[in-house]
Amino acid sequence: FFIFSFQSLFNLLEFRRLVLNFNPPANAQDLPRNQKEHRNLPFMRELRYLFALLVGSKRKYVDPSRAVEILKDAFKSNDSQQQDVSEFTHKLLDWLEDAFQIKAEEERDGEKPKNPMVELFYGRFLAVGVLEGKKFENTEMFGQYPLQVNGFKDLHECLEAAMIEGEIESLHSENSAKSGQEHWFTELPPVLTFELSRFEFNQALGRPEKIHNKLEFPPILYLDRYMHKNREITRIKRDEIKRLKEYLTVLQQRLERYLSYGSGPKRFPLVDVLQYALEFASSKPVCTSPVDDLCASASASGTLPAQISPSTVEQQGPSSSDVPSTSPVQRSIIHKPFTQSRIPPDLPMHPAPRHITEEELSVLEGCLHRWRTEVENDTRDLQESISRIHRTIELMYSDKTMVQVPYRLHAVLVHEGQANAGHYWAYIYDHRQNGWMKYNDISVTKSTWEELERDSFGGYRNASAYCLMYINDKEQYLIQEEFNKETGQILVGMDTLPSDLRDYVKEDNKRFEKELEEWDAELALKAQQEKLLSQIPRPPAPSPAPVPAGEPEYLEQPSRSDISKHLKEDSVQAINKALAEQEDRGPEDVMDTVMLTPNMQGIIMAIGKARNVYDRCGPEAGFFKAIKLEYTRLLKLAQEDPPPECDYRLRHAVVYFIQNQAPKKIIERTLLEQFGDHNLSFDERCRNIMKVAQAKLEMIKPDEVNMEEYERWHQDYRNFRETTMFLMVGLEFFQKK
């Protein structure tokens, strides 16, 4: 979430310029005078470095951890519980405001200092209302505007509810003791952020829950109806909308009676009821004996239904002649508890009037035709009236006076998951390309409004927007590029940076180039070593001499006796021990942060065991140590004979691959993807090892791993798991009969 907030602000060019050109106050070179300076000035320094790297770095992604760590330290309360997203946003704005306020006070020349953060993100509204019969007016400043989501279908409904509280009628009456208030914007900020409250506390369960309701929001939002200067015309329109909605409710109730007719539990459209009555009246009774039908159907098989007594058939006269006299009839005794059942001699084959004259039928058909036409016309008129009212309400604020304050959607921050866990990403509008971009961890891809709708509106799955950033569409300086004053050319890349940041980025790029050279040299050395090792002849038989203690090479397959020497602890004990070594965190804290699948447990255990190597030699050496440990553990599981109730193949894909002799490259890539899982990013050590694994994945060339073969192996594994599940469920059902 920290990263996506920074990304959305970074892509706001005016904010980017303010941060990049921020100069610490001259007196900041000495010790900070107070807690704010001690906290805010280092944060602004790291934020400037982060933005500069985003502008000019040659890396695929940059590490924001130094700026984030400063924020995270301030966000932990006494019980070390992290505060929620809304509190983070408010605190971030406070920090930015304080940092620029320090500079503004230093540069003021007898006038009240202007804070660019306040001018950019803060607005004002007027609260007008009645409290216990007394009228009041208060002007308040706001940064992020909170909106309730539950019970509303779009952003305007949320805003209308937020702008009116209590009994609105009391505001316009002189002798009312009721309480209520209206909010009217008097000054809107250039950057307007709405905080969508998608979490509520469930009193019954004693925990917070996420609201997954669908909430629509437009790409262009007109805010004229909420401005104080338009309050009179807005009140008139609100009264008109209220009247239309009341009339709309009446029409919908009438339409419901046409579409769901009847007094019982089953109801049908009235048009269909009349049609059924017309078909019934027009039906001609075709009478036949049911015994004839039964006998006719039985003659084909030479038997009579057991329910029909032969004596009954004989009583029906002519119908008995349908059965050949030569056919033997098996007489069976049927128990009849009360009286001999008699079937009416003449029943119609389908429902029809028994007695109706031509004159009666003509009158009835005429009435039913006329009534059906009337009902169809009434239904159509009601539907058209309802549509017209909906359209009138939608266009109520579309006149010229109500489209003068346009705000364009700039960024949408999305959360997927539940109240206590989940994944964040962002959609940010690229004003250069005039299109949406999706920022998902280190992946930045082009997107569309349709994809944004699907992921952000909610209602379909557990992903939805929780923060919307709109910008004033008339304030072009917010997204305007910077120009060279002499040449008039647009400044891009490093040319947009101040000299100190330009030097900082150049130094970082040099370090990156050196890292690439060292990496290439290491790979070349490793390839040479593997080539030399492959040329050493192997002995014809294993030596009986004891093997010296040591760890198996990465992806080497040692014997069971070797493995037993390397693994010293049970998996659960090793996880607890490794996690307990995390700085300032116990295993319970980390366990609460991620869902520990069997794969994740093994990886966390391996990273914990590789801690000493990580601390001495860095993330890459720690990564190789951890992945070697994890492979050794999985190899042992693959060579064990587990009890029937514990099949390690169902828990680990790598165990399945080893037992089925998958190619080395398949196993290696699978392990790399597991170590590169984003769920490992709960502390710095795991994050750095995760990044090393991701970098290794990106360096694998297409000709090194056949991706079709790789997908085929994983599909085989999925099939194995699904087949096992289906088999076990089927056996369980079979045993329960």
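A surface patch of charge is built from residues with over 30% relative accessible area and no salt bridge, like charges being joined within 9 Å. A salt bridge is a side-chain nitrogen of Lys or Arg within 4 Å of a carboxyl oxygen of Asp or Glu. Asp and Glu count as negative, Lys and Arg as positive, while His and the chain ends are not counted. The place of a charge is taken as CG of Asp, CD of Glu, NZ of Lys or CZ of Arg.

The model is predicted: local features need pLDDT of at least 70, side-chain atom pairs count only at pLDDT 80 or more, and totals for chains, interfaces and linings use all residues. Residues are numbered from 1 along each chain as its sequence is written, and side-chain values use heavy atoms, with hydrogens and water left out.

The protein chain contains 24 helices and 16 strands; these are DSSP runs numbered from the N terminus, helices being H or I of at least four residues and strands E of at least two. Of its 737 residues, 40% are buried, a term for under 20% relative accessible area, with exposed meaning over 50% and partly exposed in between (1.4 Å probe, protein chains only). The accessible surface of the chain is about 43900 Å², and carbon and sulfur atoms account for 52% of that surface; the areas come from the Shrake-Rupley method with a 1.4 Å probe, and for residues only the protein chains shown count as cover. Among contacts (heavy atoms within 4.5 Å) between residues at least 6 apart in sequence, 69% join residues at least 24 apart.

On the surface, Glu 517, Glu 518, Asp 520 and Glu 522 form a patch of negative charge. One of them, Glu 518, belongs to helix H14, residues 499-535, and is partly exposed because its relative accessible area is 46%.

Ser 260 sits in the loop between helix H8 (231-259) and helix H9 (270-282). Its relative accessibility is 19%, so Ser 260 counts as buried. Leaving aside residues up to four places away in sequence, Ser 260 touches Arg 267 and Phe 268.

Two further loop residues concern the backbone. Asn 434, in the loop between strand S13 (421-430) and strand S14 (435-440), has a positive phi near 55° although not a glycine. Most residues other than glycine have a negative phi. Asn 434 is exposed, because its relative accessibility is 56%. Gln 661, also not a glycine, has a positive phi of about 55°. Gln 661 lies in the loop between helix H21 (653-659) and helix H22 (664-675), and its relative accessible area of 72% means that Gln 661 is exposed.

Note on methods
Patches are made of residues with over 30% relative accessible area and no salt bridge: like charges are joined within 9 Å, nonpolar side chains (Val, Leu, Ile, Met, Phe, Trp, Tyr) within 5 Å.
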